[in-house]
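Colleague: I have the picture open now, could you walk me through it?

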Amino acid sequence: MDHVNHNWTQTFILDGFTTTATLRPLAFLGTLCIYLLTLAGNLFIIVLVLTDSGLSTPMYFFISVLSFLELWYVSTTVPTLLHTWLHGRSPIPSVACFLQLYVFHSLGMTECYLLGVMALDRYLAICRPLHYQALMSRQVQLWLAGATWVAGFSAALVPASLTGTLPYCLKEVAHYFCDLAPLMRLACVDTSWHARVHGAVIGVATGCNFMLIIGLYGGILRAVLRLPSAASRAKAFSTCSSHMTVVALFYASAFTVYVGSSGSRLEGTDKLIALVYTLLTPFLNPIIYTLRNKEVKEAVRRVTDRLKTVLRGP
């Protein structure tokens with residue numbers, strides 16, 4: 001690794017993945033296709049929710065907010081991944097590196113809080129159906145959505161600012177984007193205290209939200225099992241299954257990287273796991289929320305019919 005000034009470095013080098021020159025173009029095209037499909041899928045959900053009155057419910061409002069978040073989340077890291085596939089080891093200015101670090105973790109923490117809010121929405125819909133409309137009014141929806149963004153971007157200030165003020169002796173980042181652990185390995189000083197602070201902030205934010213989600217779904221399960229008919233139970237479970245799948249994908253990969261011990265994993269494993277929550281999860285979310293969803297299919301049919309009517313003219 002290259003040594004640089006102990007106080008500051010103007011540029012970091014993103015190592016990306018180590019692969020052969022033959023596989024690089026294929027990896028680039030595959031990543032680009034998934035990225036474009038991710039953007040298209042999440043934009044499709046946003047437009048559909050905005051244009052179809054049948055989806056004007058709190059659940060679909062929060063799904064559209066999640067899709068909006070995923071557009072930014074995937075666009076924070078995938079462009080640098082594409083650049084490393086195309087050009088190999090890629091320089092990134094230190095300011096851009098720390099900005100990427102902050103935005104990435106801000107959006108990640110925002111998603112943690114948003115998934116908790118979405119679980120709360122399902123809990124109120126199933127366990128408090130008579131009061132649901134009053135408890136989840138439009139004003140409450142907007143307040144909850146805004147609060148997740150404020151909380152996420154505020155919580156990420158701590159790890160991002162601590163990492164940004166470290167003195168760096170090395171500049172080769174063993175990753176395809178600027179993340180906490182790869183950057184701290186380049187510091188000139190002992191970063192064990194910083195790692196503990198990062199773990200505490202991220203652990204408390206994600207851990208508390210995860211326990212909240214588990215608790216809410218425990219309440220949902222008890223309520224569903226008390227429903228009189230199998231059809232009612234199946235319908236209630238179907239409204240929650242998509243959200244539970246997204247939660248499992250997001251938290252399993254995030255906990256593995258940020259809570260588990262990095263020393264016990266093989267070199268390069270973190271980069272592979274990161275692909276799950278930086279690329280795969282945003283790609284799968286639109287599919288998970290729309291697959292076998294009758295309400296979405298009906299909304300697509302209504303919007304398509306309206307478009308056909310407009311195109312035919314008077």
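Colleague: How many salt bridges does the count come to?
Modeller: The count comes to six salt bridges, a salt bridge being a side-chain nitrogen of Lys or Arg within 4 Å of a carboxyl oxygen of Asp or Glu. This is a predicted model, in which local features need pLDDT of at least 70 and side-chain atom pairs count only at pLDDT 80 or more, while totals for chains, interfaces and linings use all residues. Residues are numbered from 1 along each chain as its sequence is written, and side-chain values use heavy atoms, with hydrogens and water left out.

Colleague: Which residue does R302 pair with?
Modeller: R302 forms a salt bridge with D52, and the closest N and O atoms are 2.6 Å apart. That pair links distant parts of the chain, since R302 sits in helix α11 and D52 in the loop between α1 and α2, 250 residues apart; helices here are DSSP runs of H or I with at least four residues, strands are runs of E with at least two, and both are numbered from the N terminus.

Colleague: And is D52 buried or exposed?
Modeller: D52 is buried, with a relative accessible area of 2%, where buried means under 20%, exposed over 50% and partly exposed in between, using a 1.4 Å probe and protein chains only. D52 also meets R306 in a salt bridge at 4.0 Å, N to O, and R306 is partly exposed at 40%.

Colleague: Staying with α11, which of its residues are buried?
Modeller: V296, A299 and V303 are buried in α11. Seen down the axis of α11, the buried residues fall within an arc of 60°, so they line one face of the helix; the arc is that of the directions from the helix axis to the C-beta atoms.

Colleague: What do they pack against?
Modeller: The buried residues of α11 pack against α1 (23–51), α2 (58–87) and α10 (269–290), contact meaning heavy atoms within 4.5 Å. The face turned away from the buried side carries the exposed residues K294, K297, T309 and R312.

Colleague: Changing topic, which residues are linked with R89 in a network of salt bridges?
Modeller: D15 and E172 are linked with R89 in that network. The side chains of E172 and R89 meet at 2.9 Å, N to O, and this pair links distant parts of the chain, with E172 in strand β3 (residues 172–173) and R89 in the loop between α2 and β2 (90–93), 83 residues apart. E172 counts as buried at 14% relative accessibility, whereas R89 is partly exposed at 45%.
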